[in-house]
Amino acid sequence: MHDTVIPFDDRGFAYGDGLFETVLVRDGEPLLWEAHMERLARGCVRLGFVGPERAMLDTLPAQAGQGLHVLKLVVTRGRGGRGYLPPADPQPSLRWQFSAFAPHQERWREGIRVRLCRLRLAIQPCLAGLKHLNRLENVLARQEWNDPDIAEGLLCDSAGRLVEATCMNLFWQRDGRWETPRLDACGVAGTLRAALLAERPIAEVAMDTDELAGVDALWLGNSVQGVWPVARLDDAEGNTVARWPITAIHRPLQNAGHALLGYPGLAD
Ligand SMILES: Cc1ncc(COP(=O)(O)O)c(C=O)c1O
């Protein structure tokens, strides 16, 4: 990390006025870098400040050295302003950190157990899709369970539509088609999701939670962990509402995601 001291009046610290990215880096080479840079740039435009220079950002991944790392970038609008009113000429701050990383390979193979969260995501189209620093909904949702056997929690919005998991996007197969929730009301538009949408026929749809148990296959994915097939779904009370044997049906979408991240494909 290049600077550990965060000024008290940094607007990211005070208001969550900023954005972040977590990037998988293999031997100094970032994966899905363009997609991460695009989402960051989109976020800066939406929040209304000029972010760090692209040329500077491009120098960071190579600092990771050999092996697998996660590069976390945090960009804030910087210091000052009058209350919520930002300064006219903000000086954005950039901080970053590398952490050594090893993916959960057993989750790739055997699948995971997930539960539905009680928390409902607020509908806010202005911020939908962005990876902004206001993540209190995710923090609250992640506190809903402590059981290490449950890998993730699924979130729906206040209208009851499925959105994502606490830190991953959702995909399923239904009637032979791949689908993922539309993210125009809330949620984070993942870079892995964007890359999969760009190269595979995946429809963005609205789906209510109660339809989920009827899908043929369900996956969660992000740009760091890869793609986890879901083997078991519990409701918010802990009752199991669906189970899916992990079979050949799970591998094509998973392997497409893994090819984008340089992770190995899985055989049936
Ligand atoms: C809430 C949320 N949704 C989705 C994602 C997936 O994003 P990406 O594919 O860019 O890692 C993340 C990533 O951390 C996330 O925090």
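Modeller: A polar contact is a pair of N or O atoms within 3.5 Å; within protein, one must be able to donate a hydrogen and the other to accept it, and residues adjacent in sequence count only if both atoms are side-chain atoms. The model is predicted: local features need pLDDT of at least 70, side-chain atom pairs count only at pLDDT 80 or more, and totals for chains, interfaces and linings use all residues. Side-chain values use heavy atoms, without hydrogens and water, and residues are numbered from 1 along each chain as its sequence is written.

Colleague: What makes domain 1 and domain 2 separate units here?

Modeller: The domain assignment, automatic or from a database, gives 11-100 and 105-261. Their centres, over C-alpha atoms, are 25 Å apart.

Colleague: How many salt bridges does the rule find across the interface?

Modeller: The rule asks for a side-chain nitrogen of Lys or Arg within 4 Å of a carboxyl oxygen of Asp or Glu. Across this interface it finds 0.

Colleague: What about arginine 39?

Modeller: A polar side-chain atom of arginine 39 lies 3.0 Å from a ligand oxygen. That is also within 3.5 Å, so this pair counts.
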